[in-house]
Every structure is written in structure tokens, then in C-alpha cells.
Amino acid sequence: GLGESKAFAYFDSFILSGAIDIVGKVFVASLKVMVVPLVFVSLVCGVASLKEGASIGVISLRTIALYFLSTALAISLALALSSIVQPGIGMDTLQSASTFEPKASPGLKSVLLNIFPTNIVNAMAAGNMLQIIVFAILFGMAINRAETEGAPVLAFFQSMDKVIMRLVLLVMELAPVGIFCLMVAMFASTGPEHILRLAKYFFT
């Protein structure tokens with residue numbers, strides 16, 4: 001009846017699209033905001049704590065090489081699995097009407113130049129992880145070579161590293177609630193008929 005329709009509209013507006021959706025989005029935002037400081041502070045502490053300065057260059061090259069290798073493996077694995085499983089098949093009703101136009105692949109020279117940041121604040125704001133990694137390595141090397149003068153800076157970053165790890169653990173304690181809210185909001189908006197298709201996508 002009319003009363004049930006009003007009750008459902010209230011439930012949808014204030015519970016599903018309101019409180020539950022807010023909790024889920026806050027959880028995702030909390031995860032995103034920790035990525036940059038976690039990577040930056042951890043790398044600075046790791047490089048600055050090295051005893052032998054000669055090994056910093058090797059570790060720096062290994063870090064950048066590992067970044068490229070893990071990215072290449074992730075892309076290759078994703079393409080292989082998606083071509084086999086085809087998780088998006090049958091989900092036409094969830095597709096947006098907008099079209100996606102991929103950008104042209106940059107040349108090798110542009111890729112190498114873009115590794116080094118011209119503005120670290122912009123790199124952190126944009127989440128450019130490779131530039132953040134390079135700057136963190138250089139900054140850690142500077143702290144390491146500053147020796148006595150760099151000790152207070154290293155102590156600050158080591159304390160910051162412990163604080164950030166506590167923050168990560170705090171957010172992880174809220175993970176069950178955050179994931180539950182994300183799933184409820186998604187299934188409520190897509191309908192029960194898409195649960196198996198979405199499960200196939202998540203599994204892939």
C-alpha cells in the first residue's frame with residue numbers, strides 16, 4: 001500500500017542511500033588517503049636507515065625495477081584472466097552510457113622523464129606513486145648522508161611510520177563494517193539478479 005511505499009522510500013533515502021552508503025564511502029576514502037603517506041614514510045625510513053651508502057643505489061634500482069615488474073605482471077595477469085573468464089558479460093544494465101577513449105601510450109623518453117617529479121606536492125595530490133617512490137628514495141639518501149644533522153629527521157619519520165601503521169590497523173579494524181556497507185549499497189542498487197555476476201567479477 002501507500003504506507004509501505006513511504007516506508008521503503010524512507011528506508012532507501014536515509015538508510016541505504018544515506019547512512020550505509022556514507023559508511024562504505026568513508027571506508028574507501030580512509031583506505032585511499034593512507035596509501036601515499038604509508039609508501040612515502042616507509043621508503044624514507046628504509047633508505048635512511050641503511051648503514052652502507054653504497055647499497056642505496058642498488059636498493060633504489062631494485063625498488064623501481066620491482067615497481068615496473070609488479071605493474072607489468074599485474075596488467076598481464078588481469079588481461080589474461082579477463083579474456084578467459086570474461087567477467088563483464090551479461091552486465092549491460094550496469095554499464096554507463098558514457099564512452100571511454102584511451103590515451104595514446106607515451107614514448108620511452110616521456111616515461112623516463114615522468115619518473116622524476118617537478119613538484120612533489122602535486123605528485124602526492126595526484127597519487128603518482130612512481131614519482132613519490134623516487135622522491136622518497138632521494139630524500140632517504142639525503143637523510144642518510146647528512147649523518148648527525150639527519151638523525152632528528154630520521155627519528156621523526158620513524159615515529160611517523162609507527163603512527164601511520166597504527167592508523168592502518170585502526171582502519172582495518174573497521175574493515176568488516178565498511179565492506180558490509182559497500183556490499184549492501186551495491187546489491188541494493190543493482191538487484192539480486194546481478195549478485196552472481198558481480199561475484200564472478202570480484203573473484204576474477
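Helices here are DSSP runs of H or I with at least four residues, numbered from the N terminus, and just after one of them, α5, Glu147 takes a positive phi of about 55 degrees. The model is predicted, so that local features need pLDDT of at least 70 and side-chain atom pairs count only at pLDDT 80 or more, while totals for chains, interfaces and linings use all residues. Residues are numbered from 1 along each chain as its sequence is written, and side-chain values use heavy atoms, with hydrogens and water left out.

**Helix α5**
- With 18 residues, α5 reaches 25 Å from its first C-alpha to its last, close to the 26 Å expected at 1.5 Å a residue, where the expected span is 1.5 Å times one less than the number of residues.
- Among the buried residues of α5 are Met129, Leu130, Ile137 and Asn144, buried meaning under 20% relative accessible area, exposed over 50% and partly exposed in between (1.4 Å probe, protein chains only).

**Gln131**
- Gln131, which is found in α5 (residues 129-146), is buried because its relative accessible area is 12%.
- A polar atom of the Gln131 side chain lies 2.7 Å from the backbone oxygen of Asn114.
- Beyond its neighbours within four places in sequence, Gln131 is in contact (heavy atoms within 4.5 Å) with residues including Asn114, Phe116 and Ala123.

**Leu69**
- Leu69 is found in helix α2 (residues 54-85) and counts as partly exposed because its relative accessibility is 48%.

Notes
Helix = DSSP H or I, 4+ residues; strand = E, 2+ residues; numbered from the N terminus. Polar contact = N/O pair within 3.5 Å; in protein donor to acceptor, adjacent residues only side chain to side chain.
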